[in-house]
Amino acid sequence: MSFTTDESLVPAGLRTAYCGALRTGDTGRTVSVCGWVARRREHGEHLAFVDLRDHTGIIQCVVDGARDLRSEQVLRVTGTVRPRPEGTANPALSTGEVELGECEVEVLSTAEPPPFSLDARSETDEAVRLRYRYLDLRTDRMQHNLRLRAQVNSALRRAMERQGFVEVETPMLWTPTPEGAREFAIPSRLQHGSFYVLPQSPQIAKQLLMVGGLDRYYQIARCMRDEDLRADRQFEFTQLDIEASFVGQAEVLGFVSEAVSEAAFAVTGEQQPEIVTMTWNQALDRFGTDKPDLRFGMELVDLGDAVAGSELNVFKAACVRAVRVPSAGEWPRSRLDALVERALELGAAGLVWMRVRAERVLESPVAKFLSEAHQRQIVAATYADPGDLVLVVAGERERTCKVLGQLRLDLGQPAVSERPLCFAWITEFPLFEGMDDDGHLVAAHHPFTMPHPDDLDLLETDPMAVRSQSYDLVLNGWELGSGSIRIHRADIQRRVFKALGVSDEDAESRFGFLLGAFRYGAPPHGGFAVGLDRFVALLAGEDNIREVIAYPKTQSGADLMSGAPRPLADRQLAELGIRVVPTGAPGRPGSTGSPRSLGSPGAAGSPGAPGPSGA
RNA sequence: GGACCUGUGGUGCAGCCUGGAGUGCACGCCGGCCUGUCAAGCCGGAGGUCGCGGGUUCAAAUCCCGUCAGGUCCGCCA
């Protein structure tokens, strides 16, 4: 939690000590500290306590005459470290046993009153924090989160380098690729009408590094996707991106496990247990999701056998599954009705609730349609105790599991900050996930994912049953990243493209340079990418990645501090050969009186049309 | 593209449902008092287009419509 590296650093420049590092052992030293005025407590003309803050913590300075000192001023204070008088120590501060006496104060920079309190105890609207992010960064929370993030980066680098990975930087100005996320386009000044795009990931670049013989590549890579923002999604985000040659799935999982475990250890100081692995099918069956939160139980139970032969029509479905909610047997009807409502909303045909009474008797709207034997078997299968609630959903397998999986989260998921850290590998994802509008299969991961070797023969006969050699890393219910073994053989690639409805000409025009490279000797290879923002957020106990990013954007893609995005000057547009088509809104909100108002400076975006890379 | 929540002195909130003078609380700010505090304390003071526009009404922070901003989610994120 604390970042002790600072204490081993030798202060230099204007200071001879860090605020938070002073201890009784420093008694008698005359030191200079530099920082911001966190608080001051005045007791008349000749005694004031000034709490000076730097990134290491707070030291109390005893000052004679603090009249002109103000919050957040930048000071250099020179004084003598001394123990505090009997009974005045402050256990809340790391430096609470000592204070700086006989202080000489130098104001290095004056400061207006900050627009919001930087005290950890006060809450401030996020929009205000973002507008003054440079002030928000001074808070304990942001200092902690950004330094934690740096520790994670450092640990990941250590682990990757130890495993023989070499860091290679890939271009930020890349070429449009027609599939995947919407891309940010960058106009070419030298070739009007042509565009670079910002990489949505270094996917193709890193595979070409394998062809190039780099063997093991990693990068802490920025990726950009022009998709709508969420609590766990920003336009730009960071990945630990890796790729390795002459390895299979087990090796890739090993590399990544090593890296994330080292990072978790660096932050928590606790050795991580071996990461559990389950297949996509198992995750769906047990947790109703491909990103299970393993911090709590309430696993899904298959009631197929328990209700076999029941007269009840709803239980004759392909899949009958339940989740046990411990100690919820006394919930009022209104709450149960709300659960039914929720299940319908999630796409279930219905929801059957069963209160487990004394002697394990079921109280339920359907109880009278269930034989005593069936009731007993349901109770036995769910391991329900008197006082529990059992929720049952029946229908098609995937839908049924997903509904119950969501109910499980609704009713049982702990807060993000709750420990332990439960990593999980999810393997054997399906290669395809449904069809697009043209009746073509859609790749679940990406079109270069190697099918499971046992399922190759199904590619043409039963493609939806083909498992892939792709895998996700999950942490406490969040998808942390994904990866796969790639196709390096032209014949298999051709068959997958065919299943996806990609013709030879299509493939050539879309991925020509990748396929071309593969003609010159591509090693078997595979890789992974870990979403660093999410990883750090979870380690920091934050439920929002904006809290671990120095300068994040709002949900509408604005940077409230800088005002981005903004219109370009006409001259700049001309240079780029760009003409802006007005969006039809004639009246702009306009500049209101407030000089701080950074409202939308006119959205000069593209109309809804296909988008620049739709060719 | 859609659903829901929020917007009231610098900050955080109450007031809105049930219309009646910008009414209240806490913090901060300014001034005064105060020599052991630590979110110091006490006294006094300043500070408001109730996001913006329109409508209903004798009267709108409050009701209605629109709009902007922030948030959560759906779609989207190979």
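1. A polar side-chain atom of R225 sits 3.2 Å from a phosphate oxygen of RNA strand B, a polar contact in the sense of a pair of N or O atoms within 3.5 Å. For N544, a polar side-chain atom is 2.6 Å from a phosphate oxygen of the RNA strand. The side chain of S556 likewise places an N or O atom 2.6 Å from a phosphate oxygen of RNA strand B.

2. Please keep in mind that this is a predicted model, where local features need pLDDT of at least 70 and side-chain atom pairs pLDDT 80 or more, while totals for chains, interfaces and linings use all residues. Residues are numbered from 1 along each chain as its sequence is written, chains are lettered from A and ligands numbered from 1 in the order written, and side-chain values use heavy atoms, without hydrogens and water.

3. Around RNA strand B there are 50 residues, counted as near if a heavy atom lies within 4 Å of the strand. The closest are E42, T88, E99, E227 and H445. Of the RNA atoms within 4 Å of the protein, 52% belong to sugar and phosphate.

4. That surface divides into 14 nonpolar, 16 polar and 20 charged residues, with Asp, Glu, Lys and Arg as charged, Ala, Val, Leu, Ile, Met, Phe, Trp, Tyr, Cys and Pro as nonpolar, and the others, Gly among them, as polar. β1 gives the most, with four residues; strands here are DSSP runs (E) of at least two residues.

5. Turning to the fold, strand β10 (residues 236-245) pairs antiparallel with β22 (residues 525-531) over seven bridges, where pairing takes at least two DSSP bridges. Q239 has G531 of β22 as its bridge partner.

How values were computed: Polar contact = N/O pair within 3.5 Å; in protein donor to acceptor, adjacent residues only side chain to side chain.
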